[in-house]
Amino acid sequence: MLVVIVGVVTLSFTANLLIEQTIPTAQVTPVRTTVIQALAVAALAATIAGLTTSLLLVQIILRSLRNIAGSSQRIAAGRYDERVEVPASDELRAVAESFNQMAEALEQIEQRRITMIGNVAHELRTPLAGIEGYLEGLIDGVLPNTADTFLDMKQEVRRLRRLVDDLQTLSRVEAGQISLHFTTFDINDVIRRVVAQIQPQVLDGCLQMQFASHEHPLLVHADPDRVAQILLNLLGNAVRYTPEGGCITIRSVHTNDEVQVIVEDTGIGIAAEHLPFIFERFYRADPSRARTSGGSGIGLTISRHLAWAMGGDIRAASAGPGKGSTFTLSLPRAG
Ligand code: ADP
């Protein structure tokens with residue numbers, strides 16, 4: 001509207017000037033009247049065209065916004081498969097596409113939540129079924145009322161407790177709520193401490209340590225207790241998945257800005273199709289074997305989140321089943 005008014009005023013001013021300069025005085029009034037009439041008709045036509053276009057545009061924008069508002073309400077009500085139609089106009093297309101991306105992300109989060117609840121229920125069922133079985137056996141008199149039976153039951157309770165503890169740790173690391181106490185320390189000291197802790201479990205097997213340097217400390221900037229927790233998980237897995245007669249090696253190496261702790265075993269190995277998934281919650285390459293050996297299936301997920309929180313990472317490699325596995329923890333080097 002403002003454009004039409006400015007246009008009409010400018011045109012009439014210019015026309016007036018031209019008329020006064022080029023047309024004889026006697027004809028000025030009729031020419032001016034004709035020009036004004038022509039300008040009035042043009043202004044009216046422009047106003048109508050402008051208003052119609054604006055109304056149409058407003059209608060299109062409002063329809064899209066109403067669509068988006070409706071879809072958000074349906075998503076809020078739990079319909080996570082809801083998407084909006086993508087309009088042709090550039091700006092509205094960008095809004096609709098962003099909305100659809102957000103809806104897809106929400107759908108994936110919901111899917112993960114459902115899977116997580118299913119997994120937790122599944123994991124809880126095994127030790128609970130075990131405890132129930134022992135209790136029924138005791139009640140029916142099938143199992144003897146002896147210390148051995150209660151020790152077996154305690155084993156199941158311990159498994160349940162470990163699962164609940166791991167779940168709590170997992171929810172806290174994933175929410176970024178784990179408190180980390182960063183210091184600069186020698187990674188080789190932590191390796192020695194963890195190996196001493198794990199040694200009783202591998203008395204029959206072999207567990208070797210190799211250090212990048214025996215004389216100089218290999219300094220990292222991280223939380224020593226969390227690093228120990230990660231290494232215990234990696235070494236615990238190596239022990240669990242390496243049959244008798246196998247060997248486990250833990251060694252430290254470094255690059256200019258990174259320190260790596262490599263845990264290598266000669267155990268059962270990991271098939272290529274499982275490798276990309278072993279850091280996912282509850283993923284087990286061999287479910288029956290891992291479950292009976294007491295693994296919760298979330299140790300590696302927790303370890304990788306802890307490594308990320310300290311600015312590092314964990315990678316896994318294996319030449320395949322029966323050919324051992326290698327896990328590499330990398331951390332930022334200090335000093
Ligand atoms: P779990 O408690 O089941 O060991 P993790 O998250 O620690 O759970 O490991 C996930 C899976 O990765 C294991 O179930 C196992 O299939 C595989 N895995 C981990 N470490 C090793 C290893 N050293 N050798 C072979 N497989 C391994």
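Reply: A residue counts as buried under 20% relative accessible area, exposed over 50%, and partly exposed in between, with a 1.4 Å probe and only protein chains considered. The model is predicted, so local features need pLDDT of at least 70 and side-chain atom pairs count only at pLDDT 80 or more, while totals for chains, interfaces and linings use all residues. Residues are numbered from 1 along each chain as its sequence is written, and side-chain values use heavy atoms, with hydrogens and water left out.

Side chains of opposite charge can pair when their charged atoms come close. Here a salt bridge means a side-chain nitrogen of Lys or Arg within 4 Å of a carboxyl oxygen of Asp or Glu. That rule gives a count of 13 salt bridges. Helices (H or I, at least four residues) and strands (E, at least two) are DSSP runs numbered from the N terminus.

Start with helix α4 (residues 147–174), which holds both Asp165 and Arg161, four residues apart, about one turn of the helix. Their salt bridge has its closest N and O atoms 3.7 Å apart. Asp165 is partly exposed, at 32% relative accessibility, and Arg161 is exposed, at 57%.

Another pair lies in helix α5 (residues 187–198), where Asp189 and Arg192 are three residues apart and therefore separated by about one helical turn. Between Asp189 and Arg192 the closest N and O atoms are 3.0 Å apart. Asp189 has 45% relative accessibility and is partly exposed; Arg192, with 34%, is partly exposed as well.

Next come two strands. Arg251 and Glu264 form a salt bridge through their side chains, 3.1 Å from N to O. This pair links distant parts of the chain, since Arg251 belongs to strand β4 and Glu264 to strand β5 (residues 258–265), 13 residues apart. Partly exposed describes Arg251, at 23%, and Glu264, at 30%.

Ser252 is buried, because its relative accessibility is 2%. Its side chain makes a polar contact with that of Asn188, at 2.8 Å. A polar contact is a pair of N or O atoms within 3.5 Å; within protein, one must be able to donate a hydrogen and the other to accept it, and residues adjacent in sequence count only if both atoms are side-chain atoms.
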